[in-house]
Amino acid sequence: MNNRLRVRIDKVFKVVFRIAGFACIAILVSIFMMLLYNTVAFFSQIKPLDFITDTQWNPSRHFGLLPLLASTLLVTLGAMAIAIPLGIGTALFISEYATGFVKNMLKPAVEMLSAIPSVVIGFLGIVVISPGISNLFGLSNGLNALNGAILLAIMALPTIITVAEDAIHAVPMTVKEASYGLGATKWATVKNIVLPAAYPGIIAAIMLGMGRAIGETMTVLMATGNSLAFPTGFFSSIRTITATIAIEMGEVPFQTTHYYGLFALALILFLITMAVNVLAERMVNRIRKFQ
Amino acid sequence: MVQAALVKTKPVIEISDLNLYFGEKQVLKNIQLTIPQKMVTAMIGPSGCGKSTLLRTLNRLHDLSPDARITGKVTIDGQDIFHKNTLVNKLRKKVGMVFQKPNPFPKSIYDNVAYGLQINGFPKDKIPQMVEESLRKSYIFDEVKDKLQEPATRLSGGQQQRLCIARTIAVKPEIILMDEPCSALDPLSTLKIEELILELKNDYTIVIVTHNMQQAARVSDFTAFMYLGELIEFDETHKIFNNPEKQLTENYIKGHFG
Ligand SMILES: Nc1ncnc2c1ncn2[C@@H]1O[C@H](COP(=O)(O)OP(=O)(O)O)[C@@H](O)[C@H]1O
Ligand SMILES: [Mg+2]
């Protein structure tokens with residue numbers, strides 16, 4: 001191959017990669033513009049203040065964000081309350097405590113958990129967990145926020161465990177040895193050295209898991225009862241932002257207020273996930289200066 | 001003879017019939033060695049001969065590697081360190097270690113030193129004073145006194161290593177193990193650490209691994225020469241360097257002096 005040809009190939013690939021890079025940005029921007037355009041159309045018909053203060057979502061007259069947002073936050077926070085301690089605990093166990101066979105089994109098991117389709121998790125919720133909840137608490141209906149939170153926790157766990165385990169594993173052995181060398185016990189080392197050093201990665205793990213939970217649709221659609229009433233607690237049947245969009249988008253007439261309203265919901269969802277990511281990024285950077 | 005020289009000293013570490021295996025591979029072979037108190041003992045030998053492995057046996061860091069297997073006996077102050085009643089945390093507090101590459105904790109300068117004091121349960125109100133004292137003893141206080149809350153990782157390599165020494169002596173060990181503490185440092189920082197070692201030997205027993213012959217000659221009272229997992233010769237440093245008994249030792253020393 002002569003040199004000019006090689007230089008030309010080099011240039012071609014540079015252009016190809018640049019196009020790929022810009023395509024990504026272009027897709028992101030156009031999705032955002034699409035959401036924004038339709039949301040503006042929505043707000044020309046419904047006052048933004050009504051959208052954020054109305055406590056009902058009832059698309060003939062009421063377009064209130066609050067019950068859906070409250071539902072989404074309720075299941076997400078519930079899921080995190082379960083998944084964060086469990087996930088970080090498991091990650092610590094895998095990288096610091098487990099040895100041999102257990103360690104070799106646990107990692108692939110966690111990865112397989114993430115391969116379960118969300119429909120199957122939803123199924124699990126309907127058939128196993130929700131009857132369990134209604135028996136345990138004496139409820140007539142177990143399809144509620146608690147059910148959704150448990151399922152979302154299961155779905156967020158693999159992400160949290162995998163990312164947190166990587167972060168914990170990345171803490172240099174030399175630093176741990178320094179701690180043991182001073183007479184520290186295992187727990188003192190984990191608590192004072194390993195966890196703080198792995199903190200940025202653990203935050204990232206939590207945020208990624210949370211992003212997964214907020215955006216999850218199928219499971220919550222199947223398992224939370226889809227009630228439009230304002231949620232009052234974990235035993236309420238609820239309907240999240242995602243489930244609402246998924247349920248209503250198929251039937252809504254094109255370019256009606258209702259149609260635009262669903263885009264407004266999608267934009268809110270987009271902003272929440274973006275906020276989670278930006279927040280994660282900033283926390284990570286603040287901690288990283290000690291590394 | 002080494003016995004003659006050792007008569008004037010008090011033994012603190014006594015190693016007998018020590019063998020160490022990583023899996024199938026034998027890394028330490030039948031080591032017999034007595035390390036005298038409040039002296040500097042250097043360990044020299046070609047790379048891979050087991051110097052670090054021997055050093056890490058003394059504070060039981062091999063407990064962390066599941067495939068390490070040890071036979072033989074090591075006593076410190078007469079106490080068998082492998083005995084089931086020996087508390088490994090207590091042992092490691094007593095036998096401090098400075099590592100090859102400076103490895104400060106990802107914490108502030110102050111917390112790097114305070115950490116060991118906190119986990120070992122020193123009284124809270126004494127800690128600030130003890131931190132300062134250790135930093136002074138390690139000749140780094142003046143350089144860091146205005147930035148104690150800054151991350152330790154911002155210090156230069158030489159400063160980090162002196163900080164690691166400060167953190168080690170803070171918990172009041174009796175013995176300090178140093179594994180090539182200067183190998184990652186520039187000559188000036190190396191000089192500072194060497195001065196510090198000479199200062200510290202008034203209070204501590206120091207065992208230092210070094211691949212630098214001149215350094216061993218400058219700082220140590222006794223020198224152990226190791227080769228392929230065996231202890232070949234142990235004697236007063238000037239004897240090892242000027243008039244070794246074994247041909248192997250002489251070849252190694254000569255080879256290194258050029
Ligand atoms: N954790 C370990 N597992 C297996 N082999 C090891 C381990 N640590 C050291 N070794 C081997 O033991 C031998 C001695 O190593 P080391 O004590 O580090 O030598 P030195 O410090 O004298 O250069 C080397 O051959 C090294 O590869
Ligand atoms: Mg070594």
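This is a predicted model: local features need pLDDT of at least 70, side-chain atom pairs count only at pLDDT 80 or more; totals for chains, interfaces and linings use all residues.
**Notebook: chains A and B**

I started with Arg162(B), which counts as buried at 4% relative accessibility. My cut-offs for accessibility are these: buried is under 20% relative accessible area, exposed is over 50%, and partly exposed lies in between, with a 1.4 Å probe and protein chains only.

**Ground rules**

Residues are numbered from 1 along each chain as its sequence is written, and chains are lettered from A and ligands numbered from 1 in the order in which they are written.

**Salt bridges in chain B**

Which partner does Arg162(B) meet in a salt bridge? I found Glu143(B), at 2.8 Å from N to O. The two residues sit in distant parts of the chain, 19 residues apart, with Arg162(B) in helix α7 of chain B and Glu143(B) in helix α6 (residues 141-144). Glu143(B) is partly exposed, at 30% relative accessible area. I call a pair a salt bridge when a side-chain nitrogen of Lys or Arg is within 4 Å of a carboxyl oxygen of Asp or Glu. Side chains of opposite charge can pair when their charged atoms come close.

I then counted over all chains and got 16 salt bridges. Asp77(B) and Lys94(B) make one of them, at 3.2 Å from N to O. This pair also links distant parts of the chain, 17 residues apart: Asp77(B) is in the loop between β4 (68-76) and β5 (79-80) of chain B, and Lys94(B) is in helix α3 (residues 88-94). Helices (H or I, at least four residues) and strands (E, at least two) are DSSP runs, numbered from the N terminus. I noted Asp77(B) as partly exposed, at 36% relative accessibility.

Next I looked at Lys239(B). Is Lys239(B) buried or exposed? It counts as buried, at 18% relative accessibility. Its side chain meets that of Glu245(B) in a salt bridge, 3.0 Å from N to O. Asp235(B) joins Lys239(B) and Glu245(B) in a network of salt bridges.

**Chain A overall**

I counted 11 helices and two strands in chain A. Their order along the sequence is α-α-β-β-α-α-α-α-α-α-α-α-α. The C-alpha trace spans about 70 × 70 × 35 Å along its principal axes. Chain A has 291 residues, and 43% of them count as buried. I looked at contacts (heavy atoms within 4.5 Å). Of those between residues at least 6 apart in sequence, 70% join residues at least 24 apart.

For charge, I took Lys and Arg as positive and Asp and Glu as negative, without His or the chain ends. I placed each charge at NZ of Lys, CZ of Arg, CG of Asp or CD of Glu. Chain A has 19 positive and 12 negative side chains, and the centres of the two sets lie 11 Å apart.

**Where A meets B**

Together they bury about 1900 Å², with 65% of it on carbon and sulfur atoms. That figure is the accessible area (1.4 Å probe) that two parts lose on being put together, summed over both. I found one salt bridge between the chains. Glu177(A) pairs with Arg56(B), and the closest N and O atoms are 2.5 Å apart.

**Helix α4 of chain B**

I went on to helix α4 (residues 109-119) of chain B, where eight of the 11 residues are buried. Among them are Ile109(B), Tyr110(B), Val113(B) and Leu117(B). What covers the buried residues of α4(B)? The cover includes α7 (173-181) and α8 (186-215) of chain A, along with α5 (127-137), α6 and α7 of chain B. Just after α4(B), Gly121(B) takes a positive phi of about 70°.

Most residues other than glycine have a negative phi. I noted two residues against that. Lys172(B) has a positive phi of about 60°. Lys172(B) is in the loop between α7 (157-170) and β7 (175-179) of chain B, and is partly exposed at 44% relative accessibility. Glu180(B) has a positive phi near 45°. Glu180(B) lies in the loop between β7 and α8 (187-200) of chain B, and counts as buried at 11% relative accessibility.

Note on methods. Side-chain values use heavy atoms; hydrogens and water are left out.
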